[in-house]
Amino acid sequence: MDQIPGLGPPLQDQDFNSEQHEELDAVSHETLDLVNSVVDKTKDLGQQLVNKEDKITESAILDEELGSVAGRLPVDVLFEIFNYYLLDSDHLSRRSDPSPIQLASVCRRWRDAAFDMAKLWCKLSFYVDHNSRKWKRSVLYYDAWLQRSRDCPLSLQLRPGYAKGGTAKLRRLIQPYMSRVSSLDIIFWNDVEPKHLLSDLPEALQELTVCFADCFDTSATARLLSELPSTVRSLKIRDRVFSPDCLYSLCPVWTHLTHVEIAIRPRIVLHFLYLCPKLSSCELILDQPAYMIFQVHCVRFPHANLQSLCIICPDHFNFDPLPALFNALTLPKLRTLEIRYAFLSSPHQELRAFLERSKCPLETLIFDAVATPPLEQQGDLIAIIPSLKIECRSHTEY
């Protein structure tokens with residue numbers, strides 16, 4: 001064979017055939033290894049599918065058995081199960097977990113049972129959406145929920161949001177059911193009119209919780225609250241400090257309340273307790289401007305019915321109002337006392353004198369503070385009431 005210029009001497013046929021066979025053998029071995037690997041993996045995948053199929057079959061049988069058992073439970077047992085499932089739920093919605101909707105989705109019998117149990121549908125949270133189309137859909141949902149509650153007392157949480165006319169929309173929606181409302185929890189944001197939701201409240205109302213934004217006029221708010229029905233026993237006012245004049249304007253309301261949670265200036269605590277003779281439990285968030293000087297009457301004030309008291313003293317005080325407060329109080333029926341404060345020491349001497357003077361059957365004393373009393377001081381308090389249980393919780397801010 002002639003030599004081609006630039007390519008060197010020509011290859012012989014036998015040399016070419018030998019190299020070609022070697023390359024083909026190498027490719028064949030690689031291909032065979034790949035095929036074997038694919039076959040092995042296919043076998044493994046097939047076995048996994050068989051195992052999963054067995055598990056799915058077992059699960060389906062188990063679900064069928066469980067569904068059969070659930071379907072045979074008496075209605076009264078289902079009622080107890082449903083109540084326990086929703087036990088810790090204050091207010092419910094379509095998105096809440098847990099909810100009656102989840103119970104109704106288990107099976108047809110549970111659905112029928114849940115829809116027939118009116119007490120499951122007595123707690124509902126409303127929110128007014130900016131989107132009018134979403135709000136129209138929500139209205140249908142809320143109305144269907146409330147209809148299932150039939151004649152049971154209702155506990156409603158109202159969130160007008162920032163939608164224009166939100167309070168008026170909510171009032172129109174719940175108006176047919178207002179006569180059955182026993183508990184209301186309302187948050188008022190900016191640019192809403194509280195009068196739509198705080199006027200003409202039903203005689204069935206027993207509990208009211210309200211939270212106001214800073215823009216609301218305190219005097220106008222107090223006037224609305226002064227018209228609460230005499231059936232109200234619990235009033236919680238969030239994020240609003242009432243002046244003495246506003247407190248006095250609520251005199252008709254204070255007289256029949258048994259539970260109050262309120263932000264209040266230290267110097268009018270005794271006046272407030274005097275206005276609430278039936279009070280059995282109370283949470284006081286102490287508040288005052290920096291320029292105010294805290295003064296308490298020298299005459300000690302006894303409250304005959306207060307059994308549970310929580311005093312919260314934030315960290316913006318220039319001085320500690322707790323010693324003067326304990327010096328002024330006498331609570332002969334007190335059973336639970338919780339003190340939350342940001343000071344570096346507790347009012348130990350004043351607290352000791354308070355317990356000795358009150359001669360109360362105090363069972364639990366809770367210090368929730370940056371610096372809790374040392375064991376020696378705790379021992380002094382237990383010496384006064386041997387059965388007293390003291391609980392100390394450490395927090396860094398209020």
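Thr209 sits in strand E4, which spans residues 207–212. The model is predicted. Is Thr209 buried or exposed? Its relative accessibility is 14%, so Thr209 counts as buried; the cut-off for buried is under 20%. Which residues does Thr209 touch, once neighbours within four places in sequence are set aside? The partners are Leu184, Asp185, Ile186, Lys236 and Arg238.

**The chain as a whole**

The protein chain holds 14 helices and 13 strands. It has 398 residues, and 41% of them are buried. Thr209 belongs to that buried group. Contacts can also be sorted by separation in sequence. Take the contacts between residues at least 6 apart: 69% of these join residues at least 24 apart.

**Helices H2 and H4**

Two packed helices are described by the angle between their axes and the distance between the axes. Here is that description for one pair. Helix H2 covers residues 75–85, and helix H4 covers residues 108–116. Their axes come within 11 Å. The crossing angle is roughly 75°. Angles of 65 to 115 degrees count as roughly perpendicular, and H2 and H4 are therefore roughly perpendicular to each other.

Which residues make the contact between H2 and H4? From H2 come Val75, Leu78 and Phe82. From H4 come Arg109, Trp110, Ala113 and Ala114. By class, this contact has six nonpolar residues, one charged residue and no polar residues. Arg109 is the charged one, since Arg counts as charged.

**The cavity**

How many cavities of 30 Å³ or more does a search of the whole structure find? The search finds one. The largest cavity holds about 30 Å³ of space. Its lining consists of Pro244, Leu247, Tyr248, Ile268, His271 and Leu275. Two helices, H9 (244–249) and H11 (269–275), each supply at least two of the lining residues. H9 gives the most, with three residues. By class, the lining has five nonpolar residues, one polar residue and no charged residues.

The two residue groups compare by class as follows.

In brief, Thr209 is buried in strand E4, H2 and H4 cross at roughly 75°, and the largest cavity has a lining to which H9 gives the most.

Methods: Residues are numbered from 1 along each chain as its sequence is written. This is a predicted model: local features need pLDDT of at least 70, side-chain atom pairs count only at pLDDT 80 or more; totals for chains, interfaces and linings use all residues. Side-chain values use heavy atoms; hydrogens and water are left out. Axes are lines fitted to C-alpha atoms, for helices over the stretch in contact, and angles run from 0 to 180 degrees between N-to-C directions. Helices (H or I, at least four residues) and strands (E, at least two) are DSSP runs, numbered from the N terminus. Angles under 35 degrees count as roughly parallel, over 145 as roughly antiparallel, 65 to 115 as roughly perpendicular and the rest as oblique. Contact means heavy atoms within 4.5 Å. On a 1 Å grid over the protein atoms alone, a cavity is a set of points where a 1.4 Å probe fits but cannot get out, and a pocket is an open set with protein on both sides within 12 Å along at least five of seven lines; lining residues have an atom within 4 Å of a point. Grid points are joined across faces, edges and corners, and a volume is the space filled by probe spheres set on the points. Buried means under 20% relative accessible area, exposed over 50%, partly exposed in between (1.4 Å probe, protein chains only).
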